[in-house]
Amino acid sequence: MRELDPELYPEYKYPDAPVNNEPFRPVIAELGKKITDRIPQKLGLAKITKDDPEYWGLAAMCTDEMAEVALKMDVRKPVTLPEMVERTGKPEKEVEELLEKMAVAGVIEYNWENPQHEKQYCLPMFVPGSAEFSNMNADLMDAHPEVGIFFERMTRLPLDMVTKFVPEGGCGIGMHVIPVEKAIEMENTSVSVEHISHWLDKYDGVYAASPCSCRKSRKTFDEGCGDDPEGWCIAVGDMAHYVVETNKGGRYITKEEALEILQKAEDNGFVHQITNIDGENKIFAICNCNVNVCYALRTSQLYNTPNLSRSAYVAHVDKDKCVACGKCVEVCPAGAPKLGQKLCRKDGSEVEYPKMGLPYVDEPWGEDKWSHNYRDLNRIPTHESGTAPCKTACPAHISIQGYIDMAKEGRYDDALKLIKLDNPLPAICGRICNRKCEAACTRGTIDDPVAIDEIKKFVAQRDLDAATRYIPRKTIPSLDDNFFANEKVAIIGAGPAGLSCAYYLALKGYKPTVFEKSEKAGGMLTYGIPSFKLEKDVIEAEVDVIKALGVEFKFGVEVGKDITLDALRKDGYKAFYIAIGCQAGKKAGINGEDAEGVVTAVDFLRQAVPAESYKLGGGNVVVIGGGNVAIDCARVATRCGDGAVSMYCLESRDEMPALPEEIADAEGDGIAVNCGWGPKEIIVEDGKVKAIVLKKCTSVFDANKKFAPKYDENDTVTVECTDVILSIGQAIDWGNLLDGEKVELGRANGPMANKLTYQTAQPDVFVGGDLYTGPSFAINAIAAGREGAISIHRYVQPHGTLTIGRDRRNYIELNKDDITVESYDNCGRNVPKKKDLDKKSFREYVEPFTEDQVKAEASRCLKCGRSVVDETKCVGCGLCTTRCQFDAIHLERDLPHCSDMVTSEDKLKYILPNMVKYPVGLKIKKLKGKK
């Protein structure tokens, strides 16, 4: 097992129980014992004390008088008002008032399930029952937030001793996953209780949307997930009337509205579950559960015993159809699918993937098998043996293999849609990406890597035309589409990180405001990358998509100068994403660098790129640096003057950070690239540059691969020139942005922030992009923007957690030294055509692939990745099928007994046999192992 970074995967700590300093109330303890399912307390082996949740939870919900009345009731045995009058000996009006107060508090429920259709009251279990009913009551929760922790405790503590003995079907404990209807509608062996439609038809016309108790409970101890809790639980039948009439936030809905809620839940990746304590003829709710907060889903995830909640269905992957897009992995609540590989090992064997054991089948089952941190660990996306290198290497982890397959089939709209799940700027990246995916491509071990970026560029051309532009549909974790729209979020800087953050917030339903001091969006994309590589209408087209999602841009506004963060706070802004990049150039610290004719790369490009001109000194130009920015400076300089342009860098040709194709393009423009030289001094005459002296660099990095150049000061060369462009790094220009703020600065004046959440010491300030990492590539900034959006969403919604259940997106590459490629297309890599333009032209000269080139190049992909499902972990929700666009994953009815629904009262009939068989089975297995 690989070790996990504790900062990214912190140990989980359960919320502390409230301190109860009130006098002990014996009647509350007596009622707690009556209702509880904790075995020691139920059997009298342990007393209920004021420190037990059964006590302090009930103490918040009811008075002693209510408890005395409740004690006259038997758990889950309905009783009418006249019967309660007889049992209590109290006047009817008084009893009825007490019963109604108890119903509002959530201590009891009511229904009309008798031949006379007479209202009857019922003392429910704690769960599903009174603990969750109380959490629906907003007034009670405001007055007694400890009721939220009470719900957490009563969904966990009673199960500690019995989980390993629970058979398929859950035997009347809690709730039960019910699959996405579309995933099983063609399954001819299914039974009625497995279909949501069956339950909607059964309770036709009697539904109520009510708050999710789990979502509300978690918020009481700061573990909210950012969802709006209202309306996700669909109460049916008499329960619908109960949640409407007793201050539970319920509202009656139609069947059409119920179906809309279910669809919206699936869009958000929420699991459908039904109550499972009344047998196969009754449920009282269909819930739509987020695994990051749900206590019902926790029953199987925490104890690693999926029998507690799984459906009869199991997901299976068609290996040949799967393209490792990873969307099934991202949505699965149980972490059952993970990305692996299709290719065999060198010895011809297939990689074997581990599967979770099950209690009383495979091995002893104690707390060492539990997963208290399941919400984080289930989000690990790849098996340790790795998956497709392209997806792994891409900082945004785009579904590369997936969109290549779609492009090969001519599904260009689908391909663009798939790309934009992970990258809002594909047309931009198709032109200027550093192509880490191609550097990692498995095909590169055979001949040349697949031209991934060119395929993406072709697909993303559709965004440049308003007629074919793809504007993603929002997925809002609220039934109110405007729930998040009024939450004010400020993004400072309209570079790739800021644009990405705005895009992903907009997809959640926010309408963030982007403040940009320049007149156009794009940051260095607009003001630093020359148009012959990235035409500005490409940037404008992709920004238009972000505007269409509801993002507001305020140009010409410098935060810290024209307006302060504090002023924005007073205006209602709740969070800030600072992504201003590294906008200042660095100088070399040598004599003469302040002379006329010396300019930093950032300043040179900011002037030359928008104007497509720059007044040079008239002679030769020397560019210092060996990165892609230095290449851009040199190539722009050739278009702005007539003198010779040459580059000098410290690194050897193999060490140069610039991409090989960038270097080749520079040399194609007639630029001389000189390696192994660093600046010593600039010779100045009459205040202007006359020449530059360079010294030989003998090594660039130390033994630890850290930048630590060494020189031979006596080996020099003097180059006459009128202009020197210093492309040796960039710095942050904070201006007055952080005046009065608590943001801490570290190395190179960069902000210090949590490496998972990007939150700074000023809690409402988040950072990302080059500002945080130092100068990098657009795709890295895009990935950072997405993480910033996730953090801000979780932060802005009260009482949320920024970390729990978060996808760390830590992909692992397969071992390319241990694979067998049995067959592949022998055609070579396709090369895009170039326009025959003047070398001085600023127009884009690289044409997109033709459709034939796209299909030919896409066919070169080896399809080395795939999804692998651990069937023992799968809970059969079917969400994976809603994400797969390749018909590669389906549900099969492997576990029919998981649809056996029994009453809670009968659970011991099913648990006790396993308690007997469990130790016997382990002994037999142990003996067999010895033989």
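This is a predicted model: local features need pLDDT of at least 70, side-chain atom pairs count only at pLDDT 80 or more; totals for chains, interfaces and linings use all residues.
Visitor: At what angle do helix α28 and helix α29 pack?
Guide: Helices here are DSSP runs (H or I, at least four residues) and strands likewise (E, at least two), numbered from the N terminus. Axes are lines fitted to C-alpha atoms, for helices over the stretch in contact, with angles from 0 to 180 degrees between N-to-C directions. The axes of α28 (residues 601–611) and α29 (residues 628–640) are 10 Å apart, and the helices pack at an angle of about 45°.

Visitor: Which residues of α29 do Ala601, Phe604, Leu605 and Ala608 in α28 meet?
Guide: Contact means heavy atoms within 4.5 Å. By that criterion, these four residues of α28 meet Val629, Asp632, Cys633, Val636 and Ala637.

Visitor: Where does glutamate 612 lie?
Guide: Glutamate 612 has a phi near 55°, a positive value in a residue other than glycine. Its place is the loop between α28 and β18 (621–624).

Visitor: How far apart are the axes of helix α1 and helix α3?
Guide: Among the residues of α1 in this contact are Ile28 and Leu31, and those of α3 include Tyr55 and Leu58. Helix α1 (residues 26–35) and helix α3 (residues 53–61) pack at an angle of about 115°, and their axes are apart by 8 Å.

Visitor: How many residues apart in sequence are the parts tied together by aspartate 422 and lysine 327?
Guide: The structure holds 76 salt bridges, each a side-chain nitrogen of Lys or Arg within 4 Å of a carboxyl oxygen of Asp or Glu. In one of them, the side chains of aspartate 422 and lysine 327 meet at 2.9 Å, N to O. Aspartate 422 lies in the loop between α20 (412–419) and α21 (426–432) and lysine 327 in helix α16 (residues 327–331), so the pair ties together parts whose separation in sequence is 95 residues.

Visitor: Which residues make the nonpolar surface patch of about 430 Å²?
Guide: Patches are made of residues with over 30% relative accessible area and no salt bridge, like charges being joined within 9 Å and nonpolar side chains (Val, Leu, Ile, Met, Phe, Trp, Tyr) within 5 Å. Accessible areas come from the Shrake-Rupley method with a 1.4 Å probe, and for residues only the protein chains shown count as cover. Methionine 161 is in the loop between α9 (146–154) and β4 (175–177). The patch is made by Ile39, Leu43, Leu45 and Met161.

Visitor: What is omega for the cis peptide bond that joins valine 127 and proline 128?
Guide: Proline 128 is placed in helix α7 (residues 126–136). For its cis bond to valine 127, omega is about -20°.

Conventions: Residues are numbered from 1 along each chain as its sequence is written. Side-chain values use heavy atoms; hydrogens and water are left out.
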